Amino acid sequence: MGEQDDELWKRCVDGDSGALGVLFDRHSDAVFRYCLSRTGSWHDAEELVSITFLEAWRQRRGLTLQRDSLLPWLLGVATNAARNKARSIRRHEQFLGRLPHSSVVPDHSTAVDERMDTERQVRELLARTAGLTDGERDVTLLCLMNGLTYEETASSLGIRIGTVRSRVHRAKKKLRAAAPHLLDHAGDSATILESRLS
């Protein structure tokens with residue numbers, strides 16, 4: 001398995017970009033799956049992964065790793081980056097809406113059939129979570145769709161484990177009422193997102 005995350009992170013703090021490359025290879029797939037589950041867009045998810053790891057490098061001297069894994073912290077950064085991107089998109093769309101005869105042109109760069117199918121499925125999942133509060137949606141995306149533990153989710157979002165548990169409970173109750181097949185579709189060994197990507 002090689003060096004542990006904390007050892008690699010110490011090397012990052014000392015300016016070793018190769019150590020960040022190892023951490024990227026180790027965690028970028030998990031960060032990508034999480035970002036895809038938040039955005040429903042392959043392109044946006046790739047962009048958020050880049051932002052997350054750039055931010056990790058930028059903040060390397062200010063962060064002391066408290067756990068064996070860097071992943072919960074990376075997912076917290078990805079959560080904030082996704083929120084910032086969503087706000088930016090909303091502001092841009094509002095601006096375009098105020099312009100005379102303007103329209104938003106869809107991005108055709110991700111027209112690969114396989115990606116579009118995955119995006120459609122993830123968007124369907126996201127639409128099913130529309131009735132959740134922001135907090136319930138965050139824990140649903142991290143725990144149910146991306147397979148993080150309650151502890152990792154609490155660490156990523158900066159909240160207590162008990163808060164995660166109660167939000168997951170409420171979210172499951174709402175999802176079962178709105179779309180019972182959503183929780184029953186994935187087997188015990190796969191997260192909801194993994195079952196759609198496999």
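**View 1. Cysteines of the predicted model.** C143 is buried, with a relative accessible area of 11%, where buried means under 20% relative accessible area, exposed over 50% and partly exposed in between, computed with a 1.4 Å probe and the protein chains only. C35, at 1% relative accessibility, also counts as buried. A search of the whole structure finds zero disulfides, a disulfide being a pair of cysteine sulfur atoms within 2.5 Å. This is a predicted model, in which local features need pLDDT of at least 70 and side-chain atom pairs count only at pLDDT 80 or more, whereas totals for chains, interfaces and linings use all residues. Residues are numbered from 1 along each chain as its sequence is written, and side-chain values use heavy atoms, with hydrogens and water left out.

**View 2. The protein chain as a whole.** The protein chain has 10 helices and zero strands; helices (H or I, at least four residues) and strands (E, at least two) are DSSP runs, numbered from the N terminus. Of the 198 residues in the protein chain, 41% are buried. The protein chain exposes about 11,300 Å², of which carbon and sulfur atoms supply 49%, with accessible areas taken from the Shrake-Rupley method with a 1.4 Å probe and, for residues, only the protein chains shown counting as cover. Among contacts between residues at least 6 apart in sequence, 62% join residues at least 24 apart, contact meaning heavy atoms within 4.5 Å.

**View 3. The largest nonpolar core and a second, separate one.** A nonpolar core is a set of buried Ala, Val, Leu, Ile, Met, Phe, Trp, Tyr and Cys residues joined through side-chain atoms within 4.5 Å. The largest nonpolar core has 31 residues, and those with the most contacts inside it are W9, V31, L70 and L75. Two or more residues of this core come from each of α1 (5-13), α2 (17-39), α3, α4 (71-98) and α6 (134-145), and α2 gives the most, with nine residues. Leaving aside its neighbours within four places in sequence, V31 is in contact with V49, T52, F53, L71, L74, L75 and A78. A second, separate core of five residues includes V139, C143, A154 and V168.

View 4. Helix α3 (residues 42-58) has 17 residues and reaches 24 Å from its first C-alpha to its last, close to the 24 Å expected at 1.5 Å a residue, the expected span being 1.5 Å times one less than the number of residues. The buried residues of α3 are W42, D44, A45, L48, V49, T52, F53, E55 and A56. These residues lie on the same side of α3 because they cover an arc of only 165 degrees around the axis, the arc being that of the directions from the helix axis to the C-beta atoms. L54 and R58 are exposed on the face of α3 turned away from its buried side.

**View 5. Helix α8 and its two faces.** The 18 residues of helix α8 (residues 161-178) should span 26 Å at 1.5 Å a residue, and the end C-alpha atoms are 26 Å apart, which agrees. In α8, V164, V168, A171 and L175 are buried; they cover an arc of only 70 degrees around the axis and are therefore on the same side of α8. The face of α8 turned away from this buried side carries the exposed residues H169, K173 and A177.

**View 6. R115 and S41.** R115 lies in helix α5 (residues 113-128) and, at 27% relative accessibility, counts as partly exposed. The C-alpha atoms of R115 and S41 are separated by 8.5 Å, although these residues are 74 residues apart along the chain.
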